[in-house]
Amino acid sequence: MFDISPAEWTAILLSLRVAVIATLVATPFGIALAWLLARRDFWGKSVLDALVHLPLVLPPVVTGYLLLLSFGRKGLIGSFLADHLGIVFAFRWTGAALACGVMAFPLLVRPMRLSIEAIDRRLEQAAETLGAAPWKVFFTVTLPLALPGVLAGMVLGFAKAIGEFGATITFVSNIPGETQTISSAIYSLIQTPDGDAAAGRLVIVSIVLAIGALIAAEWFAHRATQRLHGN
Amino acid sequence: MLRVDVEKQLGEFSLSASFSSEGRVIGLFGASGAGKSSLVNMIAGLLRPDRGTIAIDGEIVDDTAAGIHVPTYRRRIGYVFQDARLFPHLSVAQNLDYGRRMNGLAPDPAQHKRIIDLLDIGALRDRRPGKLSGGERQRVALGRALLSKPRLLLLDEPLGALDEGRKLEILPYLVRLRDEANVPMVYVSHDVAELRQLATQIVMLKQGRVTSFGGVKVLT
């Protein structure tokens, strides 16, 4: 039962690569956006907030299709990136990472935003009176205090990214070795006669990864409280 | 040393204060709600006056007519808050070193040792702020502010959050600081006894106005 075949390993490793890249690329944007939403009031803030959460409520197939329209080879952004920077998303693993990153983004931003909102702003004032310019305050006080929330957001985003299915398969299809992640491999396997055992193994791998991520996120949240109390 | 002439509207409350002092410790006295904290926050640059000027050590840090507002982090002030505000994610030693690092100052072991001895905080170095008593926290906050080499030290009711016993524990340190640290201070308090011991000059505030100014004897 637990002999994971090379083809299954390929899907698992591809999923890990896609999810790691998606999480790492999304994180700086996530932090910036979380800070903006937690700290700034500006025109169109609620629109931006809604936009960030859109992938959470849209049917994934719609998000995938919109990605195909904009980042596909004929899409406005896709053709620009392909012509000028040589970056191609369509039917590549990079496209899977993009789809997973977009789908995971709302989950990634939320804990980051909450942890930034929880920081006592008087500590930032104290830092300023000690001679720290605003960007130094951010990197020496705000970000370290928000770090457990940032890590929790990354873990949740990663867990979402590794399981993403609808948007990925719509945008980059289901090509073994290139875009076939764990989820799309399971989907193919359960439509194949005799695929049940293999599908079962991948299902167990998915469950283990998901539970591990939840435990890690919980642990980071616990660390956050300790950190804010200076123990 | 310090010249203040400002006006500020805060909701229903209007603050209008003007004084100039060369004193070593300016005591800012008044009941709660008299505008003491707002005034100190304006000197620190955390609050912007609607109109007026503030000069520290001859340098104009606020002048609304000329559009000058030096941001807090460039004012080279020290600020000790009532609630200490130590950084919870840093050790005591890192808290103490914070101002020096942010201002890009070279390490000054002699000054470092002098202030740590003066405040008796050497034994706390490796602890986290969460593990300190209220009095210890306030002494570390004092050290942290002094080690950033400020040209003016602002203290906003630094004993306000402490019980009587703790107050008596910290007061001698403040007196030593006044006599040995050589940094002019603005000391905010509503406690006459505290100011009698510490201040060399008094600015008395009542409902946003300066009602008297002079030596400690104005505290009748």
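Trainee: Which residue is the bridge partner of L2(B) in β2(B)?

Mentor: In this predicted model, L2(B) has S21(B) of β2(B) as its bridge partner. Strands here are DSSP runs of E with at least two residues, helices are runs of H or I with at least four residues, and both are numbered from the N terminus.

Trainee: How many bridges join β1 to β2 of chain B, and which way do the strands run?

Mentor: Strand β1 (residues 2–10) and strand β2 (residues 13–21) of chain B are joined by 9 bridges and run antiparallel. Two strands count as paired if DSSP finds at least two bridges between them.

Trainee: What do β1(B) and β2(B) form?

Mentor: They form a hairpin with 2 residues between the strands. In the turn, G11(B) has a positive phi of about 65 degrees.

Trainee: Now the interface: how many residues does the contact take from chain B and chain A?

Mentor: Chain B gives 23 residues and chain A gives 23 residues, where contact means heavy atoms within 4.5 Å. Of the area that chain B buries against chain A, Y73(B), H89(B) and M102(B) supply 31%, more than any other three residues.

Trainee: What area do chain B and chain A bury between them?

Mentor: About 2,100 Å², with 64% of it on carbon and sulfur atoms. Buried area is the accessible area (1.4 Å probe) that two parts lose on being put together, summed over both.

Trainee: Which side chains meet in a salt bridge?

Mentor: Those of D83(B) and R122(A), at 2.8 Å from N to O.

Trainee: Which elements of chain B give two or more residues to the side that touches chain A?

Mentor: They are β7 (77–80), α2 (92–102) and α4 (134–147) of chain B. The most comes from α2(B), with 3 residues.

Trainee: Changing topic, how many helices and strands has chain A?

Mentor: Chain A has 10 helices and 0 strands. Its C-alpha atoms fill a box of roughly 70 × 45 × 30 Å along the principal axes.

Trainee: How should I read the numbering and the values?

Mentor: Residues are numbered from 1 along each chain as its sequence is written, and chains are lettered from A and ligands numbered from 1 in the order in which they are written. Local features need pLDDT of at least 70, side-chain atom pairs count only at pLDDT 80 or more, and totals for chains, interfaces and linings use all residues, while side-chain values use heavy atoms, leaving out hydrogens and water.

Methods: A salt bridge is a side-chain nitrogen of Lys or Arg within 4 Å of a carboxyl oxygen of Asp or Glu.
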